[in-house]
Amino acid sequence: MAAALADGTTTSVALTQAHLDRINAVDGAVHAFLHVDAEGALAQAAASDARRSDGAPLHDLDGVPIAVKDVLATQGLPTTCGSKILEGWIPPYDATVVAKLKAAGLPILGKTNMDEFAMGSSTEHSAYGPTHNPWDLDRIPGGSGGGSAAAVAAFEAPFALGTDTGGSIRQPGAVTGTVGVKPTYGGVSRYGLVALANSLDQVGPVTRTVLDSALLHELIGGHDPRDSTSVDAPVPGLVAAARQGAGGDLSGVKVGVIKELGGEGYQDGVQARFQESVDLLVSMGAEVVEVSCPSFVHALAAYYLILPAEASSNLAKFDAMRYGLRVFPEGVDAPSAEEVMRASRDAGFGDEVKRRIILGTYALSSGYYDAYYGQAQKVRTLISRDFAAAYEQADVLLSPTAPTTAFKLGEKLDDPIAMYLNDLATIPANLAGVPGISLPSGLADEDGLPAGIQMLAPALADDRLYRVGAALETALAEKWGGPLLDRAPSLTGDAS
């Protein structure tokens, strides 16, 4: 699309209108968007076309439209985090990553659906209804960023921004046949991201190709003095790495298969596609070794103590006093602030959010802090040590992205533990702060649905992911005769 804009084959207005038309045609079934800003997107597109006609585009991607997960602050557009407690809230400022999109001239199509406050693995916990997987509308698109992944998979947006706290970019990527990247923690600004868990959250790209992710990642990455967790280091050459990898030569690259992230509990079709991908990497010259990360078996338990504890603290700000939903208790003539707060939080938060607030408050309470939260942080240190030891043996680590393909809507909604297990393979990267990418590995034999392969690299070595990921993507596309999304069912009864 950027090339077509550059050579005058199309205009930004035409591109943006085409995506708005696609949203109108299919989003009633997919429900990837919570808010579509047609007027604003077309105005931004017209401004892009004017710049281009004057010979002054702001960026290579100037004029290419994009979607944004509804957890990122957007000045003048609603930001609800998929929650009733923020229904109708319009931020007075932009998140740093959104400001970077605007500064580069990318029209923003709208805000995508998500699990409430990014708590979930299916986008079923959105207060505004679930998103549906474009491959099978009766199945989940992953979570919490299922809206962004579904929008990209359904061709409603060329690419999107998501956030990844325990796999919320990578797991939706795996089950929708898209590419999702969790950058190194601190590599992309978190300013303007409504926090779920400050030590885990990271903004990243959701795209259809590895190169697209590299282009978007380079745009949004870099140091931000307004984010105290931002790393003051240059963004490595991600686009160059992706283009190098597409050449197909992985000579001298060592890839490590993580022993603990596979086998029992992983769907046979997911494992089969993973092994085929590993074999392709070997055919391109990569050396494969098995690595053991024994502490990874405790990652899920540690994560579900650390995340609720941080979430409990972060969500305390939603008190009905300053912004958001305010509910007055019934039958009380002059309610106290505490009574209004209680009624508002009861009405505004969903069951999953309440569950995690309770868990987190308990884990942080007097007498239990050391027994639970403190122990979980010790496990986190062990996981980081396992990663460090593994990277002494391999440049990049591999695993399936998720244990299964997309499950049916409602199938695990009443079983939180079963839902949490979907993040089994993705959580360790967030606990250690290392970058990860998920890309399609093929269709599982059992159900014909997409599976994903995950690659992990050391902190600040995000470029390794793009080199190895692009090489595998190219080899797989040659094997399949085109991108995996070419096999996705039509949502409108035609091939357009």
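This is a predicted model: local features need pLDDT of at least 70, side-chain atom pairs count only at pLDDT 80 or more; totals for chains, interfaces and linings use all residues.
Residues are numbered from 1 along each chain as its sequence is written, and side-chain values use heavy atoms, with hydrogens and water left out.

**View 1. Helices H8 and H16 meet at a crossing of roughly 30°.** Helices (H or I, at least four residues) and strands (E, at least two) are DSSP runs numbered from the N terminus. Two packed helices are described by the angle between their axes and the distance between the axes. Here H8 (residues 238–245) and H16 (residues 462–480) have axes that come within 7 Å. Axes are lines fitted to C-alpha atoms, for helices over the stretch in contact, and angles run from 0 to 180 degrees between N-to-C directions. The two helices are therefore roughly parallel; angles under 35 degrees count as roughly parallel, over 145 as roughly antiparallel, 65 to 115 as roughly perpendicular and the rest as oblique. On the H8 side, the contact (heavy atoms within 4.5 Å) includes Leu 238 and Ala 241, and on the H16 side Tyr 466 and Arg 467 are among the residues. The contact residues divide into 6 nonpolar, 2 polar and 3 charged. In this count Ala, Val, Leu, Ile, Met, Phe, Trp, Tyr, Cys and Pro are nonpolar, Asp, Glu, Lys and Arg charged, and the others, Gly among them, polar.

**View 2. Helix H9 also meets H16, at roughly 105°.** The axes of H9 (residues 268–283) and H16 come within 10 Å, and the angle makes H9 roughly perpendicular to H16. Glu 276, Ser 277, Leu 280 and Leu 281 of H9 touch Val 468, Leu 472, Ala 475, Leu 476 and Lys 479 of H16. This contact has 6 nonpolar, 1 polar and 2 charged residues.

**View 3. The largest nonpolar core holds 72 residues.** A nonpolar core is a set of buried Ala, Val, Leu, Ile, Met, Phe, Trp, Tyr and Cys residues joined through side-chain atoms within 4.5 Å. Buried means under 20% relative accessible area, exposed over 50%, and partly exposed in between (1.4 Å probe, protein chains only). Leu 72, Val 97, Leu 101, Phe 117 and Leu 397 touch the most other members. Helix H10 (299–314) is one of the elements giving two or more residues, and H10 supplies the largest share, 9 residues. Leaving aside neighbours within four places in sequence, Val 97 is in contact with Leu 72, Leu 161, Val 188, Ser 189, Val 203 and Ile 220. Apart from this core lies another, of 34 residues, among them Leu 238 and Leu 472.

**View 4. Some backbone details stand out in the loops.** Most residues other than glycine have a negative phi, and most peptide bonds are trans. Yet a cis peptide bond, with omega about 0°, joins Gly 143 and Ser 144. Thr 123, found in the loop between E3 and H5, has a positive phi of about 65° although it is not a glycine. Thr 123 is buried, with a relative accessible area of 0%.
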